[in-house]
Amino acid sequence: MSEDCFQLGIDIGGTFTDLSLLSHDGSASHAHKVASTPSSPSKAVARGISELMASIGRPADAITYFVHGQTIALNAVLERRGARGALIVSQGNRDILEIARLRKPDIFNLKAALPDAIVARQDVFEILARGDDEDFSVADDAIEATISSLPAEIESVAICLLGSYRGPAVEKKIADRLREVRPELYISCSSDLWPEIREYERASVASLNAYVQPIMSRYVDDLSIDTQRVGLDTALQITQSNGGILSASSAKVKPVNTMLSGPASGVVGAAYVAALSGICDAVTLDIGGTSADFSIIRDREPVYSTDAAVGDFPIVMPTVDVFAVGAGGGSIAWFDPFGILKLGPQSAGADPGPACYDRGGTETTVTDAYLVAGYIDPDKFAAGNLPLKRENALAAVGRIASRLDCSVEAASEAILRLATATMTSAILPMMTKRGLDPRDFTLISFGGAGPTHACLLAEEVGIKQILVPRSPGTMCALGATIADYQYNFIRSLRRPLA
């Protein structure tokens with residue numbers, strides 16, 4: 001294909017939406033950033049496409065391949081703003097989400113409270129059937145009674161019956177009947193999503209899918225409309241948590257596959273850069289507006305996991321192994337009741353953003369500390385598209401300084417040391433549990449603030465080499481652009497050990 005045709009990768013972050021544009025013949029690449037629009041993320045995507053294509057003098061229809069990484073589903077779970085869903089389970093299994101694996105969230109806290117289940121108990125319905133029943137006609141009346149009991153406010157339904165990893169027939173029958181009676185409902189069957197033998201994990205995956213499916217479905221529809229308005233008329237692909245891509249229509253049905261879409265894209269891009277640079281083993285550092293994300297690359301390939309978690313909930317499906325802490329550029333510095341300086345996980349986000357953005361934000365953030373400490377140029381921030389106000393940063397950090405009884409410069413350094421300590425507390429255990437020595441790895445830093453903080457972190461943990469990609473701020477978008485189709489399948493088999 002000629003240079004006139006392009007492939008586009010996009011990543012939506014909490015503060016910025018990043019775009020990476022590559023010509024099909026590899027002869028040209030372009031990067032662009034626009035401020036995210038949290039209330040309607042697709043608006044920022046459409047604006048970014050218009051601005052990027054205008055800057056190179058090409059129409060939007062020159063884009064023939066479009067891949068999109070996002071955190072829509074992830075943020076919905078973390079912020080507990082998903083849809084109201086119901087869960088249908090086998091009789092006697094109503095408390096499966098609360099009982100979970102009978103583990104306390106904090107074993108050292110005798111008063112530790114369990115997190116709220118993603119489906120309220122009153123919205124969990126029992127049915128006299130198992131997924132592996134060969135004759136389930138006796139459950140017909142129970143199915144009808146359950147469907148008639150569903151509240152009108154329910155938007156989605158998850159179905160997880162005992163033994164359904166062995167066959168989908170019973171769950172499928174319930175789903176088909178639900179679609180006949182309540183066609184507006186979104187349906188998630190555990191046997192279709194991830195038919196693994198562990199009941200709680202299957203129930204969790206199905207419930208998470210039901211929780212975010214209405215949000216993700218509406219977002220994909222909005223994105224299609226907004227991008228068509230700016231002249232883009234090509235099929236949309238979505239990156240998955242496993243680093244691969246799938247069609248937008250599949251993402252609407254199985255959004256749980258995209259929970260770690262954005263962070264996984266960054267690791268895929270970092271592995272690509274590592275291979276080009278002759279680096280075999282690396283630690284990735286992706287600092288955005290909300291969090292600092294870490295992962296490991298071994299032999300030029302991302303490390304995968306099947307025991308990841310999204311907030312309080314397990315994701316047993318294969319994912320790029322990413323660990324995140326609340327130490328992003330927008331993370332807010334604050335004092336606890338004992339007067340100890342803390343950082344995050346609250347973030348100023350894109351609206352209003354850090355104080356230095358001059359958009360009405362007043363909270364002290366890591367970006368304000370960078371500016372006061374002289375780590376960033378206020379006139380060249382975001383390629384000059386977002387000039388920063390130093391006086392706003394000085395005022396914000398000054399409030400921290402007054403509590404610490406020190407200069408604003410010392411207060412900014414204290415905030416950055418705290419951010420470094422927060423990152424170190426994540427990266428060292430991640431490597432130690434695998435028996436890895438940080439001194440044997442290269443730190444690949446990207447994201448809006450990754451290169452800014454890379455030296456501080458590398459010095460703290462003993463990493464001797466740092467690699468900064470050409471366009472670190474759009475690395476996740478680049479990863480989406482170069483990702484391949486990838487699907488994972490599982491089947492649990494019961495066989496005598498003999």
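**Burial, contacts and cores in a predicted model**

Q: Which residues is Ser-190 in contact with, leaving aside its neighbours within four places in sequence?
A: Ser-190 is in contact with Ile-159, Cys-160, Ser-164, Glu-171, Pro-195, Arg-202 and Ala-206, when neighbours within four places in sequence are set aside. Contact here means heavy atoms within 4.5 Å. The structure is a predicted model, in which local features need pLDDT of at least 70 and side-chain atom pairs count only at pLDDT 80 or more, while totals for chains, interfaces and linings use all residues. Residues are numbered from 1 along each chain as its sequence is written, and side-chain values use heavy atoms, with hydrogens and water left out.

Q: Why does Ser-190 count as buried?
A: Buried means under 20% relative accessible area, exposed means over 50%, and partly exposed lies in between (1.4 Å probe, protein chains only). The relative accessibility of Ser-190 is 1%, so this residue counts as buried.

Q: What makes the place of Ser-190 a helix?
A: Helices (H or I, at least four residues) and strands (E, at least two) are DSSP runs, numbered from the N terminus. Ser-190 belongs to such a run, helix α6, which covers residues 190-193. By these criteria the protein chain has 14 helices and 22 strands.

Q: Why does Thr-442 count as buried, and which residues does Thr-442 touch?
A: The relative accessibility of Thr-442 is 6%, so Thr-442 falls in the buried class. Its place is in strand β21 (residues 442-446). Beyond four places in sequence, Thr-442 touches Ile-279, Asp-281, Ala-282, Val-283, Ile-463, Gln-465, Ile-466 and Leu-467.

Q: Why is Asp-321 called buried?
A: Asp-321 has a relative accessible area of 15%, and is therefore buried. It lies in the loop between β17 (319-320) and β18 (323-325). Residues up to four places away aside, Asp-321 touches Phe-294, Ser-295, Ile-296, Val-303, Tyr-304, Ser-305 and Arg-434.

Q: Why is Ala-414 called buried, and where is its place?
A: With a relative accessible area of 15%, Ala-414 is buried. Its place is in helix α12 (residues 408-432). Ala-414 touches Leu-341 and Leu-404, not counting residues up to four places away. Ala-414 and Ala-369 are 45 residues apart in sequence, and their C-alpha atoms are 8.8 Å apart.

Q: What class does Asp-299 belong to, buried or exposed?
A: The relative accessible area of Asp-299 is 59%, so Asp-299 is exposed. This residue lies in the loop between β12 (292-298) and β13 (301-302).

Q: What is noted about phi of Asp-299 and phi of Ala-100?
A: Most residues other than glycine have a negative phi, and most peptide bonds are trans. Phi of Asp-299 is near 55°, a positive value, and phi of Ala-100 is near 50°, also positive. Ala-100 lies in the loop between α3 (96-99) and β6 (124-127). Its relative accessible area is 25%, so Ala-100 is partly exposed.

Q: What is the peptide bond from Gly-344 to Pro-345, cis or trans?
A: The bond from Gly-344 to Pro-345 has omega near 0° and is cis. Pro-345 lies in strand β20 (residues 341-347).

Q: What makes a set of residues a nonpolar core?
A: A nonpolar core is a set of buried Ala, Val, Leu, Ile, Met, Phe, Trp, Tyr and Cys residues joined through side-chain atoms within 4.5 Å. The largest has 58 residues, among which Leu-8, Ile-49, Leu-87 and Met-259 touch the most other members. Helix α7 (residues 199-229) supplies the largest share of this core, 13 residues. A second, separate core of 48 residues includes Val-283, Val-303, Ala-333 and Ile-463.

Q: Why does the radius of gyration of the protein chain agree with a compact globule?
A: The radius is taken over C-alpha atoms, and the globule rule is 2.2 Å times the number of residues to the power 0.38. For 498 residues a compact globule would have a radius near 23 Å, and the protein chain has 24 Å, so the two agree. Of the 498 residues, 54% count as buried.
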